[in-house]
Amino acid sequence: MYSSVYLIFSIVLISAVSTIPPIFATDHIVGANKGWNPGINYTLWANNHTFYVGDLISFRYQKNQYNVFEVNQTGYDNCTTEGAVGNWSSGKDFIPLNKAKRYYFICGNGQCFSGMKVSVVVHPLPSPPLAAVAAEHSSQNSTAAAVPRPGFRALAVSFALIWFGSSGL
């Protein structure tokens, strides 16, 4: 009796967990191994990255030498911190990108004029691939064999482990 209840509970739990979509956030380190320093083309760096809602942008620099301000476009264009919406000075600043919009960051101690500024466009999270949705829809209306989703494979393996692993109870 116990093993049957355990098995049913396990299947329900695994089924519920397997339906949760994976959440992956990327930590974009500004300037990569060069960090947040003057004389680096941060526009080129930003253009080589794709930012999504939920990602982080990180600034690494010498704590007492530089800082980071989030500003509006005017502050970015003119290198001013007036009306800044955030500032950081830890030397290892992790800033969440929580909205789909353009963000503007500058160094507020005058180094903005030496190129220490970056603007990034944050996109909404992408939808599931259209081909996968279309394939799932078409397999419901045809006699062709459906290709199992990756979550199904994990569920099947878990089920087998529970089934054969619980036989000793």
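**Reading the aromatic pair and its surroundings**

Reply: This is a predicted model. Start with two residues, W36 and F59: both are buried.

Me: What is the geometry of the aromatic pair that W36 and F59 form?

Reply: Two values describe a ring pair: the distance between centres and the angle between planes. For W36 and F59 the centres are 4.8 Å apart and the planes stand at 80°. Planes over 60 degrees apart count as edge-to-face, and that is the class of this pair.

Me: Which parts of the chain does the pair tie together?

Reply: W36 sits in the loop between β1 and α2, while F59 belongs to strand β3, so the contact joins parts 23 residues apart in sequence.

Me: How many aromatic pairs are there by this rule?

Reply: There are six. Ring pairs also link W36 and F59 with Y42, Y103 and F105 in a cluster.

Me: Why look for a nonpolar core next?

Reply: In soluble globular proteins, nonpolar side chains tend to be buried together. Here the largest nonpolar core holds 21 residues. W36, W45, I57, F59, F105, V118 and V120 have the most contacts inside it.

Me: Which elements each supply at least two residues of this core?

Reply: Helix α2 (42-47) does, as do the strands β3, β7 (102-106) and β8 (117-123). Another core, of seven residues, lies apart from the largest one, and Y76, Y104, I106 and C112 are among its members.

Me: How do I read the sheet that contains β3?

Reply: Take the strand order, then the pairing sense. This open sheet has three strands in the order β1-β3-β6, and the pairing is mixed. Strands β1 (27-29) and β6 (92-96) are at the edges with a single partner strand each, so one side of each has no neighbour in the sheet. From one strand to the next, the twist averages 25°.

Me: In which sense do β3 and β6 pair, and over how many bridges?

Reply: Strand β3 (residues 56-60) runs antiparallel to β6, and five bridges connect the two.

Me: What do the totals for the protein chain say?

Reply: The chain has five helices and eight strands, in the sequence pattern α-β-α-β-β-β-α-β-β-β-β-α-α. Of its 169 residues, 26% are buried. Among contacts with a separation of 6 or more, 70% are between residues 24 or more positions apart. The accessible surface is about 11300 Å², and carbon and sulfur atoms account for 60% of that area.

Terms used. Residues numbered from 1 in each chain as written. Heavy atoms only, no water. Pairing = 2+ DSSP bridges. Helix = DSSP H or I, 4+ residues; strand = E, 2+ residues; numbered from the N terminus. Axes fitted to C-alpha atoms, helices over the stretch in contact; angles between N-to-C directions. Buried < 20%, exposed > 50% of the residue type's maximum accessible area, 1.4 Å probe, protein only. Contact = heavy atoms within 4.5 Å. Areas by Shrake-Rupley, 256 points an atom, 1.4 Å probe, with all protein chains shown as cover. Core = buried A, V, L, I, M, F, W, Y, C linked by side-chain atoms within 4.5 Å. Phe/Tyr/Trp six-rings, centres within 6.5 Å; stacked < 30°, edge-to-face > 60°.
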